[in-house]
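This report goes through some contacts and strand pairings in one structure. Please look at the sequence and the model before reading on.

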Amino acid sequence: MARSSTGFVTALTAGALAVVGFLAYQASASAPADPGKSPSATSSSSASATPKKKADPKALPAQSGKGERVVYALDADRVWLVGGNGKVQRTYEVTPGTLDPAPGKYTVDSRSGAIPGTDGTPVEHVVRFASTNGVVIGFSAAVDGSTPEPDPTKQTGGIRESRADGNAMWEFATVGRLVVVVP
């Protein structure tokens with residue numbers, strides 16, 4: 001009987017050593033290369049060696065052309081007024097209507113000092129440059145200064161800006177001015 005219990009204990013010991021060895025291997029495989037660093041200083045296995053720099057949301061889009069122009073970024077809902085020297089004179093967020101112009105190059109084709117917007121709101125400093133589905137697309141500022149989200153059940157082309165931004169657009173974007181729409 002002593003002989004069978006010795007074999008049993010030996011088998012249990014060998015199994016326990018195998019499990020401990022396996023766990024030690026797993027622990028060493030997931031341990032940081034430099035154990036002196038804090039856990040927050042180590043990167044995950046999926047992160048790159050150099051952290052990616054976040055793009056500045058106010059930075060002028062790289063593929064937006066050259067010269068004096070208005071740049072309108074659809075995804076960012078942002079406008080840049082760019083001078084002839086390529087320097088941004090002003091940038092600001094806008095509230096788009098329910099219809100977007102296709103990315104591309106346009107020119108300001110008409111302007112109005114004050115009219116009702118496509119949503120019925122009185123607007124000023126209207127700068128038109130495109131049309132989509134028969135609806136005119138342009139920048140404008142509500143006379144009451146509001147920039148509400150558009151009614152999704154209506155087709156509207158007004159890209160709303162604050163009154164101060166509308167004044168800047170009005171001064172900058174005369175008829176014939178280039179408007180570049182980027183995604």
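## A charge over a ring

Arg-111 lies over the face of Trp-170, at 3.7 Å from the ring centre. A charge is taken to sit over a ring if NZ of Lys or CZ of Arg is within 6 Å of the ring centre and within 35 degrees of the ring normal. Arg-177 is placed over the face of Phe-172, at 4.5 Å from the ring centre.

## Basis of the values

This is a predicted model, in which local features need pLDDT of at least 70 and side-chain atom pairs count only at pLDDT 80 or more, while totals for chains, interfaces and linings use all residues. Residues are numbered from 1 along each chain as its sequence is written, and side-chain values use heavy atoms, with hydrogens and water left out.

Strands (E, at least two residues) and helices (H or I, at least four) are DSSP runs, numbered from the N terminus. Two strands pair if DSSP finds at least two bridges between them. Strand β5 (residues 110-116) and β6 run antiparallel and are joined by 6 bridges. They form a hairpin with 5 residues between them, and Gly-120 in the turn has a positive phi of about 90°.

On pairing with strand β7 (residues 135-142), β6 is again antiparallel, over 7 bridges. Ala-130 has Ile-137 in β7 as its bridge partner. The hairpin of β6 and β7 has 2 residues between the strands, and Asn-133 in the turn has a positive phi of about 50°. Strand β6 (residues 122-132) is mostly covered, with 9 of its 11 residues buried. Buried means under 20% relative accessible area, exposed over 50%, and partly exposed in between (1.4 Å probe, protein chains only).

## Aromatic pairs

The structure holds 3 aromatic pairs. Rings of Phe, Tyr and Trp (its six-membered ring) pair if their centres lie within 6.5 Å; planes under 30 degrees apart count as stacked, over 60 as edge-to-face and the rest as tilted. One of the pairs, Tyr-106 and Phe-129, is edge-to-face, at 5.7 Å centre to centre and 70° between the planes. This pair links distant parts of the chain, with Tyr-106 in strand β4 (residues 104-107) and Phe-129 in strand β6, 23 residues apart.

Phe-129 has a relative accessible area of 3% and is therefore buried. Phe-129 and Phe-139 form a stacked pair, 5.1 Å centre to centre with 25° between the planes. Phe-139 belongs to strand β7, and the two residues are 10 residues apart. Ring pairs link Tyr-72, Tyr-106, Phe-129 and Phe-139 into a cluster.
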